[in-house]
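Me: I would like to go through this model and ask, for each label, what value stands behind the label.

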Amino acid sequence: MMRTDLLLVFTARARVKVRHATTLMITGVFIAVFILPILAGLLGTLLPAFNYLPALGEDAFSLKPVLGLWQHPSTLAATYLSLQVGWLSTFLSVVIALLLFAHFYQQPRWPWLTLSLSPILAVPHAALAVGLSFLIAPSGWLVRLVSPELTGFDYPPNWQTTQDPQGLSLVLLMVLKEVPFLLLMLISAAKQVPIQASLTLAQSMGYTRATAWLKLIFPQLLGQLRLPISAVLAWSLSAVDVSLILGPSTPPTLSVLVLSWFNDADITLRLQGAAGALWLLFINLGSIGLMLGLARFAYRGGLHWFCNGKRSTALARLNHFASAITWLFILAISLSFIVLVLWSMSAQWRFPDSLPSLWQLSHWQSSWDTFLPLIKHSIMLGAASCVIAIVLSLIILEIEAQHGTRLTFWQPLRWLPLFYVPLLIPDTSYLFGIQVSLIYLQWDGWFVALLWGHLMYVLPYTFLSIAPYYRRYNQAYWQQALLLCKSPWRSYFWVKLPMLLPAILASVAIGFSVSIMLYLPTLFIGAGRYPTLATELVALVAGADRRLIAVCALILQTLPMLVFLTALSLPKWLFRHRLGMLD
């Protein structure tokens with residue numbers, strides 16, 4: 001009997017040691033993937049910004065790159081343009097997302113709205129930017145549809161609807177992409193806010209539904225959205241690929257200006273580019289800090305208005321406006337896709353014809369050999385990064401489920417806030433430093449290095465999408481499975497994972513769409529050896545045939561869409577005989 005007790009004690013201690021070793025290993029992987037590379041990248045950008053880059057023969061610190069940055073004639077104008085585009089698009093996106101959420105929440109069209117978000121989010125930024133440019137350009141499809149009957153135009157008008165100096169077309173594109181993302185985050189945040197109970201309580205006290213949303217629910221939701229809104233603002237300030245397609249060129253946005261210095265034939269301008277990258281980082285962090293400070297100030301300053309007892313607001317009059325915005329969103333995205341299809345199959349399409357006069361599929365056939373390696377690289381990077389990201393996310397969330405709040409310093413949950421660092425700082429502020437470090441280690445152009453670069457961006461989105469579902473999992477099923485299976489591994493793989501399969505597949509689809517959109521990480525880390533559809537599309541926009549651009553954009557849209565459709569349909573097919581699993 002004593003031997004049996006000792007054996008049980010030793011077995012329990014061995015399990016604790018194995019669990020502790022596993023935790024340390026996961027923490028080490030997390031630090032290796034996130035902390036060290038970003039620190040190395042920031043350091044590799046900071047030193048050249050102050051004229052220290054021995055590879056170029058500069059080994060003495062000075063302010064020459066910083067002075068060159070401020071002496072450049074486009075720096076201030078590019079900074080102002082980036083701030084204007086970033087703040088305007090973020091403000092409009094937040095307002096429109098809140099308005100649509102309040103209008104559709106728990107209404108008859110609410111399920112339709114939630115189902116339509118995934119396909120919209122699957123559309124890559126660059127592909128949507130190309131479709132939008134074909135749609136709203138002076139020679140675009142919208143002008144063609146009404147010319148010459150309504151406009152009298154026999155030639156494209158002398159308008160600047162794309163790449164306009166104010167960046168309004170770029171703002172439009174960002175709003176089209178950011179509103180669905182914020183709506184998805186609002187749906188997640190709504191599970192932590194008692195919306196229905198708050199509405200019932202407010203209406204029982206005489207407040208209108210619109211006033212209840214404005215004074216009672218929006219403040220609670222915005223408190224849950226600090227991180228997503230900060231990520232939206234950071235992306236709007238520093239986006240490169242869409243700025244190259246729709247943004248102005250004289251001057252460009254600050255991120256595009258910095259990238260042009262990095263790619264300039266004069267290699268000494270890389271030092272100035274590093275200084276510009278640090279300036280962009282300062283703008284991003286300063287803007288996020290200012291936004292959070294303004295939000296806190298507005299909340300404190302508006303306490304009197306929240307409590308003034310007025311039962312009605314003008315928000316109720318915006319219901320028709322919300323419906324109009326919804327249809328405009330659907331129309332813009334749908335028409336952007338249709339015009340890409342038309343251009344990809346057109347042989348001759350003269351202005352002002354509404355449709356091509358000659359049709360052909362030769363561009364699909366002739367370009368297939370060119371795009372096949374790009375498709376292969378995109379799928380390999382997307383699939384591999386998604387698998388690694390979902391495995392790491394599941395392991396970390398399971399550690400959280402087992403340990404709860406009893407955490408030590410060396411457990412990965414202590415480091416979770418660093419998951420979001422790549423979402424909150426501009427790519428150019430550390431990718432140049434990472435590129436310099438990889439060149440020094442002779443790892444540049446390696447597929448493993450490029451895969452790791454994609455994982456830095458895929459893992460945060462994967463974790464964010466799977467975490468709410470994993471944390472809401474009813475542990476009673478797990479405990480019952482332990483009683484029946486007598487093995488934690490069998491219970492996990494045969495009960496818990498199948499129940500979470502729809503959420504896991506949806507998370508994989510989001511991660512794949514993030515990977516296939518990545519432009520700058522592929523450009524900097526891949527060293528041109530693994531071009532993808534995203535990098536090729538941006539390169540084609542510079543001067544290729546519209547038909548070829550349309551083919552590339554359609555392929556780029558199709559891949560994540562297929563993954564999303566698979567993620568939605570596969571659980572229904574697997575669990576077609578288990579109705580309870582489909583709820």
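Predicted model: local features only at pLDDT ≥ 70, side-chain atom pairs only at ≥ 80, totals over all residues.

Me: What makes Cys 552 buried?

Reply: The relative accessible area of Cys 552 is 0%, and because the cut-off is under 20%, Cys 552 also falls into the buried class. For the protein chain as a whole, buried residues make up 50% of the 583 residues.

Me: How many disulfides does a search of the whole structure find?

Reply: The search finds zero disulfides; as a disulfide is a pair of cysteine sulfur atoms within 2.5 Å, the conclusion is that no pair in the structure was found to meet that limit.

Me: Which residues line the largest cavity, and how do they divide into nonpolar, polar and charged?

Reply: The lining of the largest cavity, which holds about 30 Å³ of space, includes Ser 82, Val 85, Leu 170, Met 174 and Thr 253. Two or more lining residues come from each of α3 (75-104), α7 (168-190) and α10 (226-238). The lining divides into five nonpolar residues, five polar residues and no charged ones; Val, Leu and Met count as nonpolar, for example.

Me: What is the make-up of the protein chain in helices and strands?

Reply: The protein chain has 24 helices and four strands, and of its contacts between residues at least 6 apart in sequence, 79% join residues at least 24 apart.

Methods. Residues numbered from 1 in each chain as written. Heavy atoms only, no water. Buried < 20%, exposed > 50% of the residue type's maximum accessible area, 1.4 Å probe, protein only. 1 Å grid on protein atoms, 1.4 Å probe; cavity = no way out; pocket = protein on both sides within 12 Å on 5 of 7 lines; lining within 4 Å. Points joined across faces, edges and corners; volume = space filled by probe spheres on them. Contact = heavy atoms within 4.5 Å.
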